[in-house]
Amino acid sequence: MTFDWKWDFVWEIAPRLAAATLNTLLAAGSGYAIALVLGLALALGQRTRWPALTFILRETLEFIRSTPLVLQIFFIFYVGPQVGITLSPWVAGMMAIGLHYSAYLAEVYRAGIVAVPKGQWEACRALNMTTRDTYARIVLPQAVPQAIPGMGNYLVGIFKDTPMLSVIGVTELMQTANAIGSETYRFLEPYTLVGVIFLALSLPTAGLVRLLERVLRRKLGM
Amino acid sequence: MELSAYPLELPPDDRPMVRFMNVTKSYGSLVVLDDLNLDIQRGEMVSVIGPSGSGKTTVLRMLMTLESINGGVIYIDGKPLTHMERKGVLVPADEAHLRRMRASIGMCFQHFNLFPHMTALQNCMEGPVQVLGLSKAEARDRSEELLKMVGMIDKKDQHPSRLSGGQQQRVAIARALAMRPRIMLFDEVTSALDPEVIGEVTEVIRRLVAEHDLTMLMVTHQMGFARDISDRICLFYKGKIEEQAAPEQFFTNPQRERTQQFLRAVKDAD
Amino acid sequence: MWDFLQTYGGRLAEGTLVTAAQFALATAVALVAALAAGLGRLSAHWPVRAAATTYVEIFRGTSLLVQLYWIFYVLPLFGISLPKLTAGFLSVGLNVGAYGAEIVRGSILSVQRGQWEAAYALSMSPWKRMRRIILPQALVLMLPPWGNLLIELLKGTALVALIGVADLMFVAKQINGSTFLSAEAFGTALVIYYLLARVLITPAMRRLERSMARRLGRA
């Protein structure tokens with residue numbers, strides 16, 4: 001094989017890569033959605049008045065953050081069925097990504113919450129607000145703009161981690177490129193295109209995140 | 001005194017609005033309030049003064065349940081604040097009891113603590129709608145009336161970041177009053193203000209005292225103001241009340257040595 | 001579980017050694033790349049800046065796995081055929097180096113302005129100024145974020161198993177493939193990675209931070 005770029009080939013495989021891109025975006029989006037919600041729950045879970053729960057959560061989350069995502073994907077995919085939970089590759093992948101990134105997002109939320117001035121909590125108590133209202137109406141609305149840059153970075157991160165799902169057979173971009181490569185014995189175009197697609201999607205997203213942070217700050221009058 | 005030795009309720013003929021009974025508060029080995037006994041009658045305006053570290057702010061914060069109590073009992077209108085009855089004796093209160101008791105008490109802070117993502121009006125409406133269950137319309141009427149009273153009605157749709165310190169503090173007072181508390185606490189509400197706007201805030205408090213029947217407790221460094229509007233001045237020193245008296249008596253004829261020292265030091269600072 | 005460890009412990013240990021080697025080599029690559037690109041992005045000459053920025057944006061904007069496959073499967077088409085071990089730590093190193101470049105750049109910029117001016121007033125050459133005054137102080141600022149980055153690097157090395165390098169993850173996969181003791185195999189691997197990260201890397205970085213801070217008279 002020599003270096004020779006065939007444009008015909010590119011147009012030939014383009015539709016397949018486009019479909020795979022959509023699949024990748026869907027995978028990233030779903031995983032992110034799970035992580036956003038689960039991450040908030042885990043962050044709030046570390047602020048209850050039961051120190052045991054806080055300790056368990058903190059240690060578990062640190063474990064998840066310190067170990068490779070690809071290994072966690074394998075673990076969930078293979079162990080799941082063995083304890084009676086049948087999982088398709090897609091679902092196993094979603095759960096693994098969602099769980100892994102919720103551990104990171106929990107940290108981001110935590111930092112945002114801690115950044116809200118103590119006086120805000122005291123004003124809520126002086127007004128006799130419930131804990132739920134205090135979080136939902138006063139603390140989190142101030143914590144989230146602080147957390148947006150971190151949250152945005154992890155969105156880009158999840159997107160770039162979707163190729164790991166290829167190892168359990170999810171048809172995202174990497175898997176499709178591999179498949180094309182082994183079918184046609186041409187790796188140059190597929191792999192390069194995959195790289196280009198990632199760049200084309202992640203760079204603007206990072207820019208959008210910065211924009212979103214500015215807009216949110218202005219809208220919340222802060 | 002053992003917790004079980006405290007009355008479950010104060011008798012109807014001896015029921016001040018606020019009573020601190022043998023109250024102690026310490027942070028580790030540091031004792032901030034030392035066996036404090038203090039009564040505040042209905043409708044009274046009491047100013048609490050003293051050097052920093054004397055425990056005066058802690059008194060307010062404990063009333064607002066921002067600090068826990070280590071010993072003794074606080075009674076609000078005869079009922080214990082942070083304790084409740086269980087099987088005939090007093091035990092530490094649960095959250096439900098605390099919330100019921102807290103409803104009578106409002107507080108204004110040195111650094112205002114307005115909600116930055118809400119307008120002045122929304123700040124005032126928040127408590128009545130979310131906590132008291134008022135309709136938005138009722139809450140708006142009440143809030144606008146109060147903002148009018150503190151002179152901030154034309155800024156009702158502004159966010160705190162666009163208001164001066166004095167303006168923010170006035171909104172904060174309106175916000176606290178919107179909850180119709182029976183007891184109002186003012187924690188050094190002018191200490192963070194530029195001198196030229198202190199007057200706007202003291203004016204509002206002055207009118208509150210004159211026109212309303214609220215029980216008020218104020219920690220302040222503004223001696224002249226305290227003298228003008230208070231029913232009683234209380235000097236704290238190292239967690240205990242050093243001296244308390246009506247303003248005229250307190251400022252013209254202080255009895256205790258430390259009071260005289262304090263008043264001299266304050267006068268020199270003017 | 002105990003039987004599992006007795007039977008397969010040896011293979012897992014071998015895999016761990018390979019992982020450790022990949023980690024060490026990738027770290028070396030990452031440090032060199034980060035330093036070069038970090039300084040490069042601060043260069044006064046725009047071609048250098050452009051080259052450094054291109055490297056950083058490409059390696060940060062694309063996936064490590066994609067880079068790994070590209071280096072191992074596509075580079076040979078350009079005549080550069082790397083053995084899988086090399087392709088492995090090179091990819092991970094270059095990928096992490098791109099993130100590291102930002103840390104280096106940020107830390108250098110964080111060193112207080114006064115230090116720059118003092119060195120300038122002493123008529124130090126730019127190179128000497130960087131080497132003796134700025135970099136040592138930047139180094140201390142860099143250490144905490146580098147600590148986190150090195151854990152990411154460790155996690156990244158797991159991917160080299162996918163091009164056939166017999167590291168810890170590869171061994172775990174193998175064991176799973178032949179025994180289907182998935183929980184034991186993958187679980188043990190997870191614990192080993194965790195121990196490497198939290199019992200080796202994190203404390204080592206903390207000790208490094210403390211000794212550097214002491215040398216700067218700050219501890």
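A: Start with a helix at a chain contact. The buried residues of α7(C) pack against α3 (69-82) of chain A, and also against α1 (2-40) and α8 of chain C. Buried means that 20 or more other C-beta atoms lie within 10 Å of a residue's own; exposed means 12 or fewer, partly exposed is in between, and C-beta atoms are placed from the backbone. Helices (H or I, at least four residues) and strands (E, at least two) are DSSP runs, numbered from the N terminus. This is a predicted model: local features need pLDDT of at least 70, side-chain atom pairs count only at pLDDT 80 or more, and totals for chains, interfaces and linings use all residues. Residues are numbered from 1 along each chain as its sequence is written, while chains are lettered from A and ligands numbered from 1 in the order in which they are written.

Q: Which residues of α7(C) are buried?

A: An α-helix has 3.6 residues a turn, so residues three or four places apart point the same way. In α7(C), the buried set is C:L168, C:M169, C:F170, C:V171, C:A172, C:K173, C:I175 and C:N176. Just past this helix, C:F180 has a positive phi of about 55 degrees.

Q: What should α7(C) span at 1.5 Å a residue?

A: The expected span is 1.5 Å times one less than the number of residues. The 12 residues of α7(C) should therefore span 16 Å, and the end C-alpha atoms are 16 Å apart, which agrees.

Q: Which chains have the most contacts, and which do not touch?

A: Of the 2 pairs of chains that touch, A and C have the most contacts. Chains B and C do not touch; their nearest C-alpha atoms are 28 Å apart.

Q: Why is C:R198 classed as partly exposed?

A: Count the neighbours. C:R198 is partly exposed because 16 other C-beta atoms lie within 10 Å. C:R198 sits in helix α8 (residues 182-215) of chain C.

Q: What is the strand order of the open sheet in chain B?

A: Strands of a sheet pair through backbone hydrogen bonds, either parallel or antiparallel. Two strands pair if DSSP finds at least two bridges between them. The open sheet of 4 strands runs β2-β1-β4-β5 in chain B, with antiparallel pairing. Its edge strands, β2 and β5 (79-80), each pair on one side only. β1 (18-27) and β2 (30-40) of chain B share 7 bridges. They form a hairpin with 2 residues between them, and B:G28 in the turn has a positive phi of about 65 degrees. B:Y27 stands opposite B:L30.

Q: Where is confidence lowest in chain A?

A: pLDDT is the predictor's confidence in each residue, from 0 to 100. Chain A averages 88, and 97% of its residues score at least 70. Confidence is lowest in α8 (188-219) of chain A, at a mean of 82, and highest in α5 (118-126) of chain A, at 96.

Terms used:
Two residues are in contact if their C-beta atoms, placed from the backbone, lie within 7 Å.
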